[in-house]
Each structure stands twice: as C-alpha cells, then as structure tokens.
Amino acid sequence: MPQPEFESLRQRLLCAGIAPRHVDRYLGELRDHFDDLVREKIAGGLDRRHAEAEARSRLGDESVLAETMLEQPGMRSLVSRYPWAAFVLGPIAMLVAALAATLAIEIAVLTLVSQVYRNPSHLPPPAWFITMVGFWNATPSLVAPVAIAGVVYFVGLRQRMSMRWVLLGAVIACTLGAFQQLTFSDNGYHGELSLVSGLMPPFSRGVFLEGVVRATVNLTVAAGFAWALSRRGVRFSRFSGA
Amino acid sequence: MNNPNFMNGVPELLVLRLLEQQEMYGYELVQAIRARTNDAISLGEGVVYPILHALEQQGALKSRRKAVNGRTRIYYSVTAKGGKHLARLIEQWSRIVEAVTRTVTEAPHAAARI
C-alpha cells in the first residue's frame, strides 16, 4: 500500500484518540502484511503493479481498517480520554514538581556551601555564588513553565489533540509558573530562602506585577515556539472535538 | 460470508481457536483462517490486527517479537485466560449453531405451530 494511504489512516486513528503506540504497531503490522501479500502474488505469477493492487484489496478498505480499530475497547489513549487531566492538571502537577525539585537542589547546595563558608568564621558566600543562586531561582518561574509548555505541545501534537486543549495547557504552565517567586538573600549574618506567590495571600502588588512581566515573557517564548513549529509545517487539530 | 450480523464474535473465536493450536503472526493467521474455512469467511485481512490487539489487551493473547528471515514478526499465542475465554465462546457458538440448525431444518408444519 502506498505510504500516503497509511499516513491518512494514521491521521484518522490519532484524531479519533487511538493511542500512538497502538497506531504505530497497527500500521507496522499492516505494512508487513502488505509486503507478504505482494510477495505471495508475485510468486503466483502477477507483475508488481497487479500484485500491489490485489494486496491492497485483500488488506481491506481504509475506512474498514479504521472502523475496526475504533470499535476495539481500550485502544484510546489516556490523553484523549481525559484531556482535562492531561492539559489542566498535568501542567499544574509538573509546575509543583519543578518547584519542589528546584527547592530540594537549592537547599542541598546551600547547606553544603554553608558548611564551607560559615564555619567557623561566618563568612558570607562570594558574590558570584549569590548571582548563580539568583539565576537558579528563575527556574520554576521562567525556565520550567516554558519547558512544560513544550511538553504540552509535544503531547498535543503526538495525539493530534484539539488546539484549544494545547493552548490551555501552555497558558496554564506559562502563567501559573510565572507568579511563583523564589528568592535568596544573604547579608553576611544569615541567609534566607523565600517562596511567595503573586496569586496567594498576602497579596503584594510588586510580586503580582513581577509575575505579570514573567508571564508575558513566558507566553511570548511559548508563542514563538508554537510559531516556529507552524513554520515547519506542524499543525494541531483545529476542529477535533477531543 | 461477510455479513456483519452473522460475523459478530466469529473472528475472535477463529483467532483464539487457531492460535491455541499454534503460535502465529498476523499473515500466517489470516492464511490459516482462509484455508480452514475454504474462503467461506472473507474479511479485509487487515482487520485481524485490531482484534489481536484487543485480545492481547484483555489478557487472552500474548505476543513476542521474533526475527524470521531477516524480518521481525510479532507472534501471538493464547494465554490460560484466553483458553478459558475460548471455551466459553465455543460453548456459546455451539448453542447458537444447534438452535439455528434446529430451526432451519424443522418441518414447515412444526414451525407453524410455534
């Protein structure tokens, strides 16, 4: 069977919510089966063109091949069955995980450094170290949200999800992440690590505005990434109800 | 035969029965179905794969990849659960065949009394 026909079957199955791993395996087996049929027909005396036509007919009409797969229970992916979990709860969970991982690594490093610099003379850590920690603190609010938006794009594209779900997931990651602010300060007597959210009490106008700026940056980068994908011909499923 | 009303559950029964006897990959399995049924059952051959995948997901079949003549094939075989499922399907099928046979071979006057 020519490749385009399989490609259209692939699109049809993915858009209907069949898990990509089932689609890949199905198409792989169909290709092998088609090859076997062609060999059988050629061995039986047909030329290649007629052998392929006969093999295509024996394999079955594309709509029948698609319908049979769609009728089987349990073939749909979790993402297509529960898009709200994948594109709403998923980004939130990933943000929490990114924040927890950033904090855990930072606390471990600060504890180690404090052993070196604070004992016994309580010296402040060098300025370059404080600067590095400042950059690291941008991870949960600037780096992780954009990375999570990338994951959301990947999952959405792979499953041919509706653009509205993908955009929702990317916006949730980029905005919620941006309002988390992790700061570290050290005045030479004691260091302080603080985490505040611009969306939770006590509401601070300054923290909120900084969050708005970061959210704008995140959304711009994520939109640029989506634009770059579309320039390469990658399209989300605009009309899918999934 | 390709009438969907008559074919409901038949491919599943044939697949399990043939794979119970011998481990096979898709193409082999379809050829076995054609041979055993003297081509009486004609389906698009590709439709066997969704049935195999669904049976595997239900735990009735297991699969393994095996290289044969330089090509990797996915071989399917029946599990213990699949064996029990097959026994139930055969029992149901036998009851249906018996009932239908009795009905279609019954004398016309006897049928009129029903």
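Predicted model: local features only at pLDDT ≥ 70, side-chain atom pairs only at ≥ 80, totals over all residues.
Chain A is divided into domain 1, which covers residues 3-76, and domain 2, which covers residues 79-231. The centres of domain 1 and domain 2 of chain A, taken over C-alpha atoms, are separated by 45 Å.

Where these two domains of chain A touch, six residues of domain 1 are in contact with five residues of domain 2. On the side that belongs to domain 1, helix α1 (residues 3-15) of chain A gives the most, with three residues, and by class the residues of that side divide into three nonpolar, two polar and one charged.

## Where chain B touches chain A

Between the chains, 13 residues of chain B are in contact with 19 residues of chain A. On the side of chain B that touches chain A, the elements of chain B that give two or more residues are α3 (26-36), α4 (48-57) and β3 (71-78), and the largest share, five residues, comes from α4(B).

Sorted by class, this side of chain B has six nonpolar residues, together with five polar and two charged residues.

Terms used:
Residues numbered from 1 in each chain as written. Chains lettered and ligands numbered in written order. Contact = placed C-beta atoms within 7 Å. Helix = DSSP H or I, 4+ residues; strand = E, 2+ residues; numbered from the N terminus. Nonpolar A, V, L, I, M, F, W, Y, C, P; charged D, E, K, R; others polar. Domains from an automatic or database assignment.
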